[in-house]
Amino acid sequence: MKKLTIFDIAKILKFSADETNNLKKDFENADGELKVEIMDTMWSAFFELHKKLSDLKYKQLMQEVGEGKRNLTTDLYLQAKKLAMKDIEDILSGTPQEVSQMDELRNKIKNLIPTPQNSTALN
Amino acid sequence: MTPSPAIVGPATSPSTGGGEAKESVPPKPTKEVALSVPKSEVKPNVIVTAETQAKQVEIQQKTFNTLVNTITFNVQRFNEIPIADRPDFLKNFVEMFQKENPDLKDLTDQKVVAEKAEVFLKKGGGNALLATFKLLETEAALLYGGGKVRIVEKKAPKNGSKDERPKIIYLGKDGMTTEEKQPGFWENLFKKNSEAKTGKYDLEVSTTFETGGASNITDLKDIAYLNKCGWSNGLDIKTAENRGILIERVLSIAQAREELFRETGLKPEDISQRLNFLDAGHHFIAAGRSAYLTGETGGGYTPAEFATEGKKITDEISQKTKDKLAELRKKNKSEQRGKQLTKRIEQLGEEKNMDPDQIKAEQALIEQQIVDKKKEAGLFDSKKLLPGQKAETARLKDEKSQALDKRAVEIGVPRATLEDWSADSSNPESWRAIKNQHDILVIELQPMNNEKTKLETDLTKWLEREPKSPAVTVTETEKKTGNTVVTTPEKGVTDAWERWNKTVDKIQTRIAELEKKLNTDPWTGTGASGNKTAETILTELELDYTRRQQVVENKDEPETKKAIDNYREADAVDKQKGQDIIDVDNKITGLRKIDPLTGVLETEIVQENRIRKEIKDMEEAKKNVGGADIDDQREIDSLQLVADLYNKQEVHDAMEQRLVFQQGGSPPDLEFSPEFRDYPPAVLQAINLMFGPEALSSTAGNPDLFKKAKSLLESQWFVRIIIDQIENQNLVPPGGKVPFGVARISGEKNVKLDMAGLKARTGATNIELLTIADVNRTCIENIMEEISKSALGYI
C-alpha cells in the first residue's frame, strides 16, 4: 500500500474540490499544534473507516461461508481487512467498482419480479 | 397489534396471607424464585476491576435469566388461564414460540420450556429478544398501573426532621448507576418521548393493588392474568414482603431493559416500533443479519446492500470528519483572534520609555493645553453668567444716569449738556472751542465796548466840565427896593451851556445806542441765537466754557465731574458687557467642530460636553505620561474583555451557557447599576450575554469587570459596533437606525462617548424599542468579530 497523505484520505472520504482546498489552506496556515490535530482527525477517520469496512467485509465473507460459497478459515477477518483496504485503494486510484454496480443492476431486475421471500417484512 | 396492557407476572407473586400457593390459587412470593437484582447488589459501573467485571457478567447473566424466566413463567400462566380469558399478547407470544419450536409439544413441561427458551433467545436474534422484552414491558406497565407506582422527586427534609422516605437505586441508560443519575428511564419505561431530569427520586407505591372498577386496570383479560400472577384487587402491598417483591420485580425489568438499550443503542420508542411477533410466515431471520435489528427483511444481505452499507459508512465518517475539521477551523480562528487581540493589547500598553525630564516636559505641555482648554470651557460658564451680569451693569448704569439727572438739575444745566460735557471729557481741550467762540464775540463786540467805555469816560469828563455859571435867568427882588431884578446869563455862558448840553446829549445818546446794541436788541452778529442779546450770548458762552473747563480740569465742579464720570463709566461697562455676550457667543461658535460620529457640526451641548471631557482626558493623560493614554487605556480594557472570550475557556463556556438560555427563549435577566440607566436595553443585554451580570453591576463584587465593561460601552467605535450588529440582526430600516456617520479609520483613537452622548444619538431610533430577546447568538458572534477587526485595523 502506498504511503498516504491526509489529502489522499480526503479523496477516500469523497471530499469535494472545495472541501479539499479548504483542508489544504487550513493545513498550510496552521501552526504545529493545529497541524497535529488536523492529521489526527484525518487519520482517525481513516482508521475508523477501515475498521468498519473490514467489519462489513467480514459479515459478507461470513455470509458467503453460510451460503457455502467460501470455506471457513481462521484468517477470515484478516482477509476481510485486506479486502477492505483494497476497496479503499480502489477509491483512491479511482477504479470503478464494477462488480458492485453490476450486482446492483441484477438486484434491481430481480426485485421487479415479486417472489414470496421478498414480501416477508418484519416491520 | 394493539398494545393492551398485559401482565408478565413475576416468578414470585405477592402474599395474600395464606400458605404456599396451589396451582389454582395465586402463588405466594418466594425470594428464591425471584429473578430480581437486590438493591444491595447494584453497583455503579465506573471502575472495571475483577470484582466489577464479575458483577457485570453476573448481571448480564441475571438479565438473561430474567428473560428465560419470563418466558417460562408466561407459558405457565398461559396454561393456567382459560382459553377465552387469555390476553392477546400472551397468546401471540406463545404461538410464535411454538412455531419456532415445532418439536415442543408439551408446554406444561417447565424444564423443556426453559431449555427451549434459552435456544429461542440465543438463536432467535433480535426479534426473539424484543418479543421477550415486550412481555417484560407489559408486565411492568400492569404492575405500574395496579400498584400506582409513581416516580416522585425527592424533597429535602424539613429542618430538623429526618428524611424517612426509602431510597431507590436507579439504573441509567448507560448501565448501573446510583440514585443521583438520570432517573428518566423510569419515564422511558412507561411512556414515550419523556424528558429525563437528573436529581433524587423515590419510587412510591400505593397501599393496595387495584384492578377493575375505577382503577387503571379494567381489561378483563388483563385482570384475569394479574390474578393468576398473584396481583389481585385489594392485595395489601404495604407489607414489606409484597412491596419488596413488587419493587424488585420492576427493578429487574428495568435493569434488563437498560441492558437492551445500552447494547443495541435503540431508543425506547424504537422498541414499540420494532416489535412485531407476527411476520408473514412466523419465521425468524436467518443467521447473517445483525442481532441488533436494522429493519432488514428475511435472508442475507445482497452485494448491493453491502455496497450501500459501505457507502453509508463512508458517508457518515466523511461527514463526521468534515464537521470535526470545521470545528477545528472555527477553534483555530478563535484562538488566532485571541492571540491577535492579546498582541494588540500589549502594543497599546507599551511603556514609552521616557526619562523624568521628558515626563516633566510632556506634563508641562499637557498642562498648558489644559489651561487653554479650560479657557474654552470658561466661555460656557461665562455664557451662563453674562446675562445676569449684563442686567446688573444695566442697573448700575441706570442708577448713575439718575444721579446725573439729579446733578444736572442742581446746577441748572440740561442733562444733554452734561452728557455733552461728559463726551467732551474724552477731549480735554474741547471747552476751548466754546471759549474761542466767546473770544471771537468779545472781539466783535470790542469796538462797541471800547467806544462805550471811551464815551463813558468822555461823559464823565464833560460832566466834570459843567459850566460854572448857570445858564439860567435869575429873577431877584432887591431887598432895598423891592424891585425885581432879572439877570439873564451872558451869551457866552448860554453858548457854553448849549455846547455842553449838546455834547453831553450826544455822548449819552451814543452810549444809549451802544448799550441797546449790546444789551437790549437781539444780537445779529457772530453767534447770534434767536432773541438773545450779545451780552447774554457772551455771558452764556463764558458760563459754558467755564463750566466745561471746570468739569474737564476738575477745578470747581468735582460733584458734576464725579456724576458724569460715574455715569460714563457705568455706561462703558454696560456696553462692554453687551459686547462680551456677543464675543463669547462668537468664540463658542468659532470653536465648534464637526461631530465625527454624525458628520455634521456639533450642537452647543455636545460641544461643551466634548470640551469638558477633553479636559478630564487631558488631566488623566497628564497623570499617565509615560504609559498608555486615556483612549488607549479604554481600548485596552475593552479588548481585554473580548480577548478573554477567545482565550479563556471558562469565560467562553459561561457565555455559551447564557446564549443557550437566550436561544431557548429564556433570556438571562437584565439587571444593571444606575450608571447604565440610559443605555438601550438591547445593548446592555449584549454585555450581559457576553460577560455576565457582574459586568453591569458596580456592587456585584467584580469592580475590574465593571470598569472594563463601562470602558467598552464608552468606546465610541465599539458601542457603535454593538448597536450596528443588533440593528442588522433585527432588520432595522435605515431611517430607524442610530445615525453614526463615517466609519473608523485604521488607527483612529477610540475616544470616549459617554452615556449622555450616546443617548443624544439613540433617543429617537429603533434600538431603543428592541428588547433583550432581540439579541441572538449571531449578534454576539458578529459583535466579537467586528470589535476584533476594528481593533486590529481590518475592514
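In the hairpin formed by strand 7 and strand 8 of chain B, six residues lie between the strands, and Gly482(B) has a positive phi near 70°. The two strands, residues 474-477 and residues 484-487 of chain B, run antiparallel and are joined by four bridges. One of the pairings sets Val474(B) against Thr487(B) in strand 8 of chain B. The model is predicted, with scores of ipTM 0.81 and pTM 0.43.

**Confidence**

- The mean pLDDT of chain B is 77, and 75% of the residues score at least 70.
- Within chain B, helix 19 has the highest confidence, at 94, while strand 3 (residues 175-176) has the lowest, at a mean of 38.
- Residues 1-48 of chain B have a pLDDT below 50, and in the model this stretch makes 113 contacts beyond near neighbours in sequence.
- Residues 160-199 of chain B also have a pLDDT below 50, with 94 contacts in the model beyond near neighbours in sequence.

**Helix 21 of chain B**

- Helix 21 of chain B covers residues 716-729, which is 14 residues.
- From the first C-alpha to the last, helix 21 of chain B reaches 20 Å, close to the 20 Å expected at 1.5 Å a residue.
- Eleven of the 14 residues in helix 21 of chain B are buried, so this helix is largely enclosed by the rest of the structure.
- Among the buried residues of helix 21 of chain B are Trp717(B), Phe718(B), Ile722(B) and Ile726(B).
- Gln716(B), Arg720(B), Gln725(B) and Glu727(B) are also among the buried residues of this helix.
- The buried residues of helix 21 of chain B pack against helix 17 (630-647), helix 19 (681-691), helix 20 (703-713), helix 22 (755-762) and helix 23 (777-792) of chain B.
- Leu731(B) follows helix 21 of chain B and has a positive phi, near 50°.

**Nonpolar cores**

- The largest nonpolar core contains 51 residues.
- Inside this core, the residues with the most contacts are Ile687(B), Met690(B), Phe691(B), Ile726(B) and Ile780(B).
- At least two residues of this core come from each of helix 9 (303-348), helix 17, helix 18 (649-663), helix 19, helix 20, helix 21, helix 22 and helix 23 of chain B.
- Helix 19 of chain B contributes the most to this core, with eight residues.
- Apart from neighbours within four places in sequence, Ile780(B) is in contact with Met655(B), Leu659(B), Ala686(B), Leu689(B), Met690(B) and Val775(B).
- A second, separate core has 45 residues, including Phe78(B), Leu135(B), Ile245(B) and Val250(B).

**Glu608(B)**

- Glu608(B) lies in helix 16 (residues 604-623) of chain B.
- Glu608(B) counts as buried because its relative accessibility is 17%, and buried means under 20%.
- Leaving out neighbours within four places in sequence, Glu608(B) contacts Phe380(B) and Lys384(B).

**Cysteines**

- There are zero disulfides over all chains of the structure.
- Cys229(B) has a relative accessibility of 0%, so Cys229(B) counts as buried.
- Cys779(B) is likewise buried, with a relative accessible area of 0%.

Notes
Residues numbered from 1 in each chain as written. Chains lettered and ligands numbered in written order. Predicted model: local features only at pLDDT ≥ 70, side-chain atom pairs only at ≥ 80, totals over all residues. Heavy atoms only, no water. Disulfide = S-S within 2.5 Å. Buried < 20%, exposed > 50% of the residue type's maximum accessible area, 1.4 Å probe, protein only. Expected span 1.5 Å × (residues − 1). Contact = heavy atoms within 4.5 Å. pLDDT = per-residue confidence, 0-100. Pairing = 2+ DSSP bridges. Core = buried A, V, L, I, M, F, W, Y, C linked by side-chain atoms within 4.5 Å.
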